[in-house]
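User: I have a model open and want to learn to read its features one at a time. Please take me through them.

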Amino acid sequence: MILSRLHLENFKKYTTKTIEFGEGLIGIIGKNGSGKSTIFEAILFALYGEAKNRGNKELLRNANANEKEAVVVELEFEIEAVLYKVAREFRGKAMSANAKFYKNGELTTSGAKEVTSAIVRLTKMSKDAFMHTLFASQKELTSLSTLKPEERKKMIRKLLGLEKIDFVEKELVEKSRELKREIEAFREVLLGKDEIKQKEEQIKSDEAAKEALAKEVLSKTQELEHIKLREQGIKKELELLAKTKEQKQKLFSELELAKNSKSSEILNQVKLSAELHQLEHKQEELKKLEPLKAEYGALQEQIKEQEKLREFHLKKEGILKEQAQLREQYTKCKIDIDALEKACEGYEEFVLNAKNLEQNIAVLQESISDKHTIENEIKAETTAEQKQIDMTNAKIAKLHELGSEGACPTCTRPLLEEYDNVINSLVDAIKDTHQKKITEYQKQLQNVTAQKAAFEAQKKEKEKEFLELTKNINIIQSKLKDLKTAKEHFVHVEQKGIKNKEELQELATYSYDEKVHERVKNSLTSIEPQYKHALSLETELKRLVLVKSDLLQVNQKIEELKAVVQNKEAEFKSVIYDDVKHKHQLQEHESILKTIESKTASLHEIKVKIANIEGEIKTVKNSLQNNEIQLKKVQTKKDDLVDYEKIKTSLSEFKTRLNSKVAPRISSIASEMYSQITKGKYQHIEVSNDFDFFIYDEGKKYPIERFSGGEVDLANLVLRIAISKTLTELSGASSIGFLAFDEVFGSQDESRRMEILEAFHTIKEQYRQIFLISHEMEIKEMFERVVEL
């Protein structure tokens, strides 16, 4: 069973709403109060004509709908490729119920009760069984591991539904009939005595044939072993010849390598001799250029001296320009300082006046606070007197209620003739005492309020004056900072001018002639190419020593390689290898290998025949053994039939057996899903007959409380699904293809929400629809389809 479409009119908070569900992992997402849970209440109402919690039918009508508007719920669903539609409605003030049930578009049933009965027959589940099987809340999930054992047992037994006992009894009757049919069927396939005797004779015949073939195998195996020994001898001779051939080839390669190395070194010797001759010629040329190098060095020193004089000349010109700028800054600073000193006059007087105003404002604030305290005290006294008046009026009203025959509310004695006196005394107390005090307090309050207002007006005026004075002080403080900066700059300008005068006196001792400088540079430029050529020769001549050393080493290497070549030629001639004999041995070895292959194939064919005979023997024996097994099964089924008959007579014994079957089934389903979700980390969840839960970690059993919160959440989830599957199997409703979970995330943090969602994605293949109701808007991207409310 999967849900296809839901249409609502005037149902609870929905005026009109149509939802297409689709398949896969479906999120019903919305904020609290948006009507998420109402969707599944409507589904339950459509199927069974009742709300989740029975109560006033009027509560189902939308608050904005009038009595003439109908409450309509239509649900389309599919079971085993058949499309069904159920439509229910309430009309009028009395909320009269009506319902229709369609199969593939054709009306099959009408009437509220009739449609409910048809739904129960179709789904094989009552309303409670449907809720317990397909709907789960966060409270149910957490209760699986947090409830006390007895409470957990009650909860799961409630989920299982004891009304299923009638269905189980019918199943027992059908099972007994099925066993009888199976026993009759076994009698038709069991072997007769003649068949058994024939098969036993066939086994003896096959055993004799197998023994004859085994002797032939032994003879051919001995012959094959003799040929293999001959092959091993030839193989060793071939290995020795191959090793000699390899050695001969290796020596030839080494001889060729030595000859090539010798030729290469002789070529290198020629190149080094030519290079040595060129370097010796360049050494003579460098000796002739030595005087020019000395002249070039002297000119470089003169250039450095002229560059230094030119630097002093430029520095002197820069200082003279700076001195002119400093004189202008000096004059401007004096004018700015005079103007700022005049603007800052009277600063101390302004500060003193500000302090006096601040003290006056503080005194006025204290006076205002005192008056405010007095004002509150007067109001409290007035309230107390008014309370006394109210209490006295209450007593007077009570006396009027009691009359002259009643008892005094204070002393409990009868009033009688004192009735009027008591009332008059209470009225006089209000007028002469309490009311007078209230009038006096009101006058005092008016005086205090007026004084407080006067103080506040004075304070406001003083604060305005203080604000203006503060502005003037801030302006002068800013100018004082400017004055300090201007004086510091004046001192800096004055000191810089003195320093520059001292440097000018020092620079006056140096004289720079630009023409002399230019003449020295020209002389240096004219001889620079010859100087660079000399440097180039020096660089090249650095290789002279290296070339002589390399030439000496090459000569030594050539002599060494001559000796190596002679040794290798002698060693190559000493190794004797017969190529013709090697080829003859190879041909003989190949011929023997073909003979071995032929003999082995013949031997294999005989062994195949033996294997076939053994297979036939085994098949016949298996047939006889299977006949024995079937005979035992028949007897077992007869015994089972007797057991079922006993079970049918004892309902209480059946209930006990029910627990022993349910718990392992829940364990099996939960273990398979938990292993899949945890990717094999945990292989088994055990559910005891008392519905205690254990998780196996590396083969050891531990209580569920031992594991982390995230692991417990996932375990609770698979246990709840396992219970639903078990309920489905017990009810016979194997066509149910969806599950719904209401707010299973609870107060989980983000990582645990993601673990639970990942678990649902892992197990979603087992159901065509999984509904998750949640107010967590941020997780809606995790669903294949989202219904956002």
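**Aromatic rings**

Analyst: Tyr674, Tyr682, Tyr702 and Phe707 are linked into a cluster by ring pairs. Rings of Phe, Tyr and Trp (its six-membered ring) pair if their centres lie within 6.5 Å; planes under 30 degrees apart count as stacked, over 60 as edge-to-face and the rest as tilted. A note on sources: this is a predicted model, where local features need pLDDT of at least 70, side-chain atom pairs count only at pLDDT 80 or more, and totals for chains, interfaces and linings use all residues. Residues are numbered from 1 along each chain as its sequence is written, and side-chain values use heavy atoms, with hydrogens and water left out.

User: How many aromatic pairs does a search of the whole structure find? And how is a pair described?

Analyst: A pair of aromatic rings is described by the distance of the centres and the angle of the planes. Here the search of the whole structure finds 12 aromatic pairs. Take Tyr84 and Phe101: their ring centres are 5.6 Å apart and their planes are at 10°, so the pair is stacked. Tyr84 lies in strand S5 (residues 82-91) and Phe101 in strand S6 (residues 96-103), so the pair ties together parts that are 17 residues apart in sequence. Strands (E, at least two residues) and helices (H or I, at least four) are DSSP runs, numbered from the N terminus.

User: Are Tyr84 and Phe101 buried or exposed?

Analyst: Tyr84 is buried, and Phe101 is buried too. Buried means under 20% relative accessible area, exposed over 50%, partly exposed in between (1.4 Å probe, protein chains only). Another case is Tyr674 with Tyr682: the centres are 5.8 Å apart and the planes at 15°, so the pair is stacked. Tyr674 has 1% relative accessibility and counts as buried. Tyr682, at 3%, counts as buried.

User: Which charged ends sit over rings?

Analyst: The test is that NZ of Lys or CZ of Arg is within 6 Å of the ring centre and within 35 degrees of the ring normal. The charged end of Lys85 sits over the ring of Tyr102, 5.7 Å from its centre. The charged end of Lys701 sits over the ring of Phe694, 4.8 Å from its centre.

**A helix**

User: How do I check the length of helix H11?

Analyst: Compare the expected span with the end-to-end distance. The expected span of a helix is 1.5 Å times one less than its number of residues. H11 (residues 514-541) has 28 residues and should span 40 Å; its end C-alpha atoms are 40 Å apart, which agrees.

User: Where does H11 bend?

Analyst: The bend at a residue is the angle between axes fitted to the seven residues ending there and the seven starting there. H11 bends by about 45° at Glu528, and the proline Pro529 follows within four residues.

User: Which residues of H11 are buried, and what do they pack against?

Analyst: An α-helix has 3.6 residues a turn, so residues three or four places apart point the same way. In H11 the buried residues include His517, Val520, Leu524, Ile527 and Tyr531. The buried residues of H11 pack against helices H7 (193-288), H8 (290-343) and H12 (544-574).

**Cores and contacts**

User: Which residues touch the most other members of the largest nonpolar core?

Analyst: A nonpolar core is a set of buried Ala, Val, Leu, Ile, Met, Phe, Trp, Tyr and Cys residues joined through side-chain atoms within 4.5 Å. The largest core has 88 residues, and Leu47, Phe77 and Phe130 touch the most other members. Helix H15 (residues 709-731) gives the largest share of this core, 10 residues. A second, separate core of 16 residues includes Ile203, Ile596, Ile606 and Ile610.

User: What is Phe77 in contact with?

Analyst: Contact means heavy atoms within 4.5 Å. Leaving aside neighbours within four places in sequence, the contacts of Phe77 include Met1, Leu47, Tyr84, Phe101 and Leu122.

**Backbone**

User: Which residues have a positive phi without being glycine?

Analyst: Lys124 is one, with phi of about 60°. Lys124 lies in the loop between helix H2 (112-123) and helix H3 (127-134). At 47% relative accessibility, Lys124 counts as partly exposed. Glu698 is another, with phi near 55°. Glu698 is in the loop between strand S10 (693-697) and strand S11 (700-703). At 78% relative accessibility, Glu698 counts as exposed.
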